Amino acid sequence: MRPLAEIEVEIGSIAGTGDGAPERLLALAEEVLEHWIAARGEAPTGGQVEGFRLLALHRQGARGVPSFHACRETCREIAYHYNLLRLEPDAGLDEGRRRMMAMLTTHLALFVSGKMQVEGLGDFCCASRPLRMETNH
Amino acid sequence: MKAEYKRVAYYPGCALEGTGHAYNKSTREVGRALGLELDEVKNWNCCGAMEVKNVDPKVQTYLSSRVMSIAANEMGATVVMAPCNGCYHNLKKAEHDLAHDESSRAVVANISRKAGHETYRAGQVETIHALDWIKDGIGEEELQRRVKNSLKGLKIANYYGCMYTRPRHIFPEKDQGPASESTSKPHFMDDLLAAAGAENVDFPLKTSCCGGAHVLSDSDTSTRLVLNILRAAEAAGADVIATECPTCHSGLEMHQVRAEKVLGEKTKVRMLYFTQLLGIALGLAPRKLSVHENVSDGLELLKEKGLA
C-alpha cells in the first residue's frame, strides 16, 4: 500500500485532466478509505452501496467509529460529482466539476491522514462519542 | 411561520462572549431589525462542549439540561435558540438522551437535586438554531420585503460545518420534506441569503470537516483541511464564505492566516457570519454588526461591492 501523501500528490496532478479523471479520482478515493480500513486490521470490502464501492468502504470504515461519519457527505459528494460527469456531461461545466471532485477527494485524503496520524483523534470530535457510556454518579 | 419563534430564550454560549462576539452582536442586531425578540437565559452555563463530554458525556447532558431547565422552569420559555453549532448540537443531544435513556435521566435528576434547581424533562422546550429562528420566525418572503441593501453581486459559499446536522438521529425535525432542513445538503442559510439578494455558489464542501476539534492536537491537519475548503470556495467563484458557527468561523479565519504563514498559500475569500450579511442587507451599518472585529477583512470587500 503506497503512502497517503503519494495519493494526495496524484489527486492534485489529475485535477484538471480530461477523460479518465472521474474514474481515477473515484479509485483514489477508494484507495484512501482502504488505508483506513486496513489500518484497523480489516480487509476492505469489495461490495457496493448505491452502486458505489466508495460508499460501501465508508460504511465499513465508520463501523464502531462514529466520528468517521464526518466524511460521509464528502464521500457522497464525490459519488455525486462522478455521476454528474458521467451521466450528465456538459462541456461548459465539466472542467469545474472535475476540479471540485478532485478537491473533495483531497479533503477525504486529508481527513483520513489526520485520523491516521493521531491515534484516537476522533475522541476529540464532538460527534464522536457514543451517546451513552456507563459511568457511576 | 412559527409564532413561538417571535420571542425565544437566547442561549449565546461561551464562544459568543469571546471569539464569536461579532456573531453575538450581529444576531442581536438582526433580531432587533426583524422584530424577533431574545430573552437571554438567566445565569446560563457552558453546554459541556467537547471538554466535559470527553470526560463524562452524562455530565455534559446535565450541563445542557440546566440551561433548558432555567429557560423552561424559571423563564417559562418554550423555545431556546442557540446560534453556536456546538451549543445547538449539545442541547439537542441532551434532549435526545433524556428522551431515550433512563440512566441519563437518573444522572440529570440526581445532579439537578444537588444543584438545587428543577430537573429538566425532555420535551419542555424546543431547541433551535439561529437559522431556524430567522427562517421560520420571519421567512424568506418577509425578509425579502425588508431588504434595503440587496446583496446582489455578492457570491457566497455557505459553510455549515459538520455539527449542525450530525449525528442525524438527534435532529428528528430535519429531513422531513422540502420545507425542512436537510442533513446531507443543508439549505436554510442559502435560502435566507438568496432572499437577501446574494448569489449562492454550488459548494460541495458545505458540511465538510474543518478540523476545528483538532486545532490544538494537530494544527497542521486543521490548516490543510481549512485551506482545501477556502480553495474550493474560491474555485466555486465565491467572494465570501458565510458561516453560522463561531468555531468554524474562527477556524477558517485563523487557518487562512496560518496557511499563508506556514504553507505560503494565500487565499483571498473572506469570511462573514450569515447574520452580518443579513444585517448589511437590512441596511445596518457594518460597525453595528461588528464586521470590524472579524480577522478576515470583510469591510474592504463590502465597500468594493458597494454594500458599505
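Which residue in β7(B) stands opposite B:Y159? In this predicted model, that residue is B:T243. The report below places this pair among the strands of chain B.

β5 of chain B covers residues 155-159. Of its 5 residues, 4 are buried, and the strand is mostly covered.

Strand β7 (residues 240-243) of chain B pairs with β5(B) in the parallel sense, over 4 bridges. In β6(B), the residue opposite B:I156 is B:N200.

## The β-α-β unit

Helix α8 of chain B spans residues 188-195. Together with β5(B) and β6(B), helix α8 makes a β-α-β unit, and this unit is right-handed.

## The four-stranded sheet

Chain B also has an open sheet of 4 strands, with parallel pairing and the order β2-β1-β3-β4. β2 (37-40) and β4 (126-128) of chain B stand at the edges; each has a single partner strand, so one side of each is left without a neighbour in the sheet. From one strand to the next, the twist averages 40°.

Within this sheet, strand β1 (residues 7-10) of chain B pairs with β2(B) in the parallel sense, over 4 bridges. One residue pair can be named: B:Y10 has B:E40 of β2(B) as its bridge partner.

Technical notes. Residues are numbered from 1 along each chain as its sequence is written. Chains are lettered from A and ligands numbered from 1 in the order in which they are written. This is a predicted model: local features need pLDDT of at least 70, side-chain atom pairs count only at pLDDT 80 or more; totals for chains, interfaces and linings use all residues. Two strands pair if DSSP finds at least two bridges between them. Helices (H or I, at least four residues) and strands (E, at least two) are DSSP runs, numbered from the N terminus. Axes are lines fitted to C-alpha atoms, for helices over the stretch in contact, and angles run from 0 to 180 degrees between N-to-C directions. A residue is buried if 20 or more other C-beta atoms lie within 10 Å of its own, exposed if 12 or fewer, and partly exposed in between; C-beta atoms are placed from the backbone. A crossover is right-handed if, with the strands pointing away from the viewer, the path from the first strand over the helix to the second runs clockwise.
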